[in-house]
Amino acid sequence: MDSSPHRVSDVMTRAVIAVGPKTQFKDLVEGMEQWKVSAVPVLEGDGRVVGVVSEADMLPKEEFRDSDPDRLTQLHRLADMAKAGADCAEELMSAPAVTVHADATLAEAARIMALRHVKRLPVVNAEGVLEGVVSRGDLLKVFLRPDNDLADEIRRDVLDVLFPAPVEPVHVTVVGGVATLTGRVQDATRIPLAARLVRGVEGIVGLDCRLAADDGT
């Protein structure tokens, strides 16, 4: 990962467990336990994602196993009641599946997860065929980038571009993902832009901008 913004394809898991529509309930549980995942995509024969089965989809079977919910509960939880009686993936799955494309930015994927309240997203191509899976943990991998790599990217893609001839040398140091900028520049109007671009570098946790303009501002 050398440039920003990074894409889902940079961090996604390509070896993915998936199931067919007729996969039985017990086989779903065993597969999730074996692969240590909380959800699995459901594929049609051509590999196209048609839904996702998550642990949340399967819990109603246990919740209502030995209970007799009243009519009001049944009316308010029709979908859960249906899943409580489901035997296979196509009866359990949430459809259509919430997916993302491999060329989406990490910010776009994170936004989809937050808005749709999901922990994992199947990654599909233009035809909806499964290419991988991206999880919340995958999106956080950018914060494992070495400080030196972050400093190199900031210097190359931000500082050298915005301040090719500074009054005093512009320096960047990154410690624990926090970038510090120092130096004096000719154009004060570029300092806020530099700060915004540095904060946008994938893996940067925070910024201490100490840049000053030649007029003392």
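Colleague: What makes D187 and R190 a salt bridge?

Modeller: Their side chains meet at 3.6 Å, N to O. A salt bridge is a side-chain nitrogen of Lys or Arg within 4 Å of a carboxyl oxygen of Asp or Glu, so the pair counts. Bear in mind that this is a predicted model, where local features need pLDDT of at least 70, side-chain atom pairs count only at pLDDT 80 or more, and totals for chains, interfaces and linings use all residues. Residues are numbered from 1 along each chain as its sequence is written, and side-chain values use heavy atoms, with hydrogens and water left out.

Colleague: How many salt bridges turn up by that rule?

Modeller: Nine. R48 and E44 make one of them, with the closest N and O atoms 2.4 Å apart.

Colleague: And E153 with R145, why is each called buried?

Modeller: Buried means under 20% relative accessible area, exposed over 50%, partly exposed in between (1.4 Å probe, protein chains only). E153 has 3% and R145 has 8%, so both count as buried. Their closest N and O atoms are 2.8 Å apart in a salt bridge.

Colleague: Why is R48 called partly exposed?

Modeller: Because its relative accessible area is 32%. E44, at 34%, is partly exposed too.

Colleague: What makes you say K61 sits over the ring of F25?

Modeller: The charged end of K61 is 5.1 Å from the ring centre. The rule asks for NZ of Lys or CZ of Arg within 6 Å of the ring centre and within 35 degrees of the ring normal, so K61 qualifies.
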